[in-house]
Amino acid sequence: MASPIDLEPPNSLSSSAPSFAIRPNNNNNNNNHHNNISFLRSISTKEPLNFSEQLPYSPPRLSTSALPSNTYSQPSTPRLSFTLNNPSTKSVDDDHPDFHQTSYRCISSVLKKDGQILSVAVSNGLVYTGSQANLIRVWKLPEFTECDHLKTRASSMVVSLQVSNDMIYAAYADCKIRVWRRTWEGVIKHVRVATIPKVGSYVRSYISGRDKMMKHMGPISSLAINISDDILYSASLDKTVKVWRISDLKCIETIQAHNDPINDIVVGDDGVLYTASDDATVCVWRRNFCSGDRPHSLTVTLPAKCSPVKTLALTADGGVLYGGCSDGYIHYWLKGWFSGQLQYGGALLGHTHAVMCLASMANYLVSGSADSTCRVWFREQQDCQHVCVAILQGHRGPIRCVAAFPILVNEENEDGCTVCTGSLDGVLKMWRVRRTSISNKGKGSSQNACEYFEIA
């Protein structure tokens, strides 16, 4: 079965994208990495830097056609600069609040015979993972043991997962969405309750002529849920976004969102929808309840430096929007406190291949890439500077999906997150990242170790 990368139709933008071939790990390089780690720091400045002089590596840039006229203006090159984040090599004042030490380790590694891991979602102490083998596995936290699995007769892979309350929505490569309900009666059970679109409603709509395009004409790439408006969004490689009413699972709108395949969508608590596409743009949509059959309207188009946007992430407060691109950059936009408009903030550079997935949790951003690494970034509250605090290495293939959730900390000057990564190598890994104030370095370990628990 082909991966979702293979399902994507060729276009002028992605033709020169990096190869996603699985590459073996280099143990010597990994050992050297743990001994000497330097991290990147992106800072927004008014004058762009010269990449050839400042950066040791600059990913190839892709060409594209002219962008739409309703786009934001932004600098011709991303605004980047570097700094080290290795406190053990610095002579600093222990009372200085700005320096922290980060430790991380792989706490679990699971290999099943499910093929590629394509999607992951976390809810109420449970982790859901979708794979190439038409199977959704359910893992219980914190012990990370399998407690259930969901399977259908359809012979297609699970490409996207969304969990809301006790409802699980899974998008499959056969252009359908299947819905389960979770129950907590003694043991955790999942009961399948529906398939979207319903066969009967699809036939009736086609005969009546109300909507001959109720079903996606291409594989679904992403799902998003707006609970306040009782809406489920589905994006597809057919360049459209469909709006489903959750109460009766009917398609109430089809948005012709982009001119190229749509790779990812996210929705904020304020109901604003963001769509990312191979046309190198991120579109922002608002819902107007007085607009009849087409309530969603395009408010602005954000250009992403002429590189296809593969994934999106939005902070919990909706203040920062991230877009991961096929050239390895992660662009971000900041929402103004008074105007509410998105302004270009800068770019994070570190990955050498396409950024395939993003996850945001508190002040942390987790990015997974086709270079087989996962980076953990910390965002400063005051000036929105980003520091790469950890590089998680261990996968032997591109990282296709990530999820991040908080961990319990015992110290006031300590925080962190737990990261779950799924790769095209078929391995699911769980990582623990802790960030401690430099003044507390004597109480913790600075070792970045791995503990592997392989399950056949």
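## Strand pairing in a predicted model

In this predicted model, the secondary structure of the protein amounts to four helices and 30 strands. Of the 456 residues in the protein, 56% are buried, and the exposed surface comes to about 20,500 Å², of which carbon and sulfur atoms supply 49%. Among the contacts in the protein with a separation of 6 or more, 54% are between residues 24 or more positions apart.

One part of the strand content is an open sheet of four strands, arranged in the order S20-S21-S22-S23 with antiparallel pairing. Strand S20 (309-314) and strand S23 (342-348) each have a single partner strand and stand at the edges, so one side of each is left without a neighbour in the sheet. From one strand to the next, the twist averages 25°. Within this sheet, strand S22 (residues 330-335) pairs with S23 in the antiparallel sense, and Tyr 332 is placed opposite Gly 346 in S23.

A further antiparallel pair is made by S12 and strand S13 (residues 231-236), which form a hairpin with four residues between them. In the turn of this hairpin, Asp 230 has a positive phi of about 60°, while Ile 225 stands opposite Leu 232 in S13. Strand S12 (residues 220-226) is largely enclosed by the rest of the structure, because seven of its seven residues are buried, that is, under 20% relative accessible area.

| Strand pair | Sense | Bridges |
|---|---|---|
| S22 and S23 | antiparallel | six bridges |
| S12 and S13 | antiparallel | six bridges |

Terms used. Residues numbered from 1 in each chain as written. Predicted model: local features only at pLDDT ≥ 70, side-chain atom pairs only at ≥ 80, totals over all residues. Heavy atoms only, no water. Pairing = 2+ DSSP bridges. Helix = DSSP H or I, 4+ residues; strand = E, 2+ residues; numbered from the N terminus. Axes fitted to C-alpha atoms, helices over the stretch in contact; angles between N-to-C directions. Buried < 20%, exposed > 50% of the residue type's maximum accessible area, 1.4 Å probe, protein only. Contact = heavy atoms within 4.5 Å. Areas by Shrake-Rupley, 256 points an atom, 1.4 Å probe, with all protein chains shown as cover.
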